[in-house]
Amino acid sequence: MSHIHPTAIVDGSAVLADDVVIGPWCTVGPGVVLAEGVHLVSHVVIQQDTNVGARTVIHPFAVIGGDPQHNGYKGESVRLEIGSDNSIREHATFNRGTPQGSGVTRVGSNGLFMTGAHVGHDAVVGDHVVMANQATLGGHARIGDRVFLGGLCAVHQNGRVGQGAIVGGLAAVTRDVIPYGSAWGNHARLHGLNLIGLKRKGYGKDAVRRLLAAFRDLFEGDGVFADRLTRVEADYADLPEIMEIVAFIREDAKRPLCLPEA
């Protein structure tokens, strides 16, 4: 049986797994689904129409499933979907989607969302993502798996950060960051590859050397960027990480790309 503190308010339409724990002064609104092992520590608000995956822990004063911060929102039915095994810390805010977008904000599994992290409407966040204190995602942002977003950084609406990338603290990310990239600054510039992340994932020295060679050929080689992209695609076809970077760039070639300093 779910353990619900007597001071908590739970809407009658909410669906709770048997072992959910809802601490003091929490509010769980209509259309909320809490999977097995979910723990709302205290003073958590889950406004409405939100699925929270198994074993996710939400800490005090987080506001989850709030209305999208969008002038065009008129109360339509929109949702927030959160995966399993996440830690959502104090004062974090996750908004639901908009009818103008996909209608759903999606957050993956095994993430750590530190104090004050914000996930805007219609954003898509991958698995094993870390958002440090006060990191912010604008509406429709797309964040790949195993991305690290430093404290107080902000990803512009519609912005993309590819999987395995790291963004430094205080960075203003107005251009897309390639997979495995390392970007920082205001506005953020690309400063190479996320070498720490690659090493933590078990890449050896030879593999890292080849990735760095491909990076240099793409961003520092001769000729115009489009030609370099084509050459790198041919020369490093055996490296799935480089093919992912190429595909990331080609996926939305009209969007501005975060590049190294000239």
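Predicted model: local features only at pLDDT ≥ 70, side-chain atom pairs only at ≥ 80, totals over all residues.
1. Residues are numbered from 1 along each chain as its sequence is written, and side-chain values use heavy atoms, without hydrogens and water.

2. The order β1-β4-β7-β10-β13-β16-β19-β22-β25-β27-β28 describes an open sheet of 11 strands with mixed pairing (strands are DSSP E runs of at least two residues, numbered from the N terminus; a pair needs at least two DSSP bridges). β1 (3-4) and β28 (189-193) are at the edges with a single partner strand each, so one side of each has no neighbour in the sheet.

3. Within the sheet, β13 (residues 87-88) and β16 (residues 112-113) run parallel and are joined by two bridges. Ser-87 has Leu-112 of β16 as its bridge partner.

4. Helices α2 (residues 205-220) and α3 (residues 225-235) have axes that come within 8 Å and cross at roughly 155° (helices are DSSP H or I runs of at least four residues; axes are fitted to C-alpha atoms over the stretch in contact, with angles from 0 to 180 degrees between N-to-C directions). The two are therefore roughly antiparallel (over 145 degrees). Contact residues (heavy atoms within 4.5 Å) include Arg-210 and Ala-214 of α2 and Phe-225 and Arg-228 of α3.

Conventions:
Parallel < 35°, antiparallel > 145°, perpendicular 65-115°, else oblique.
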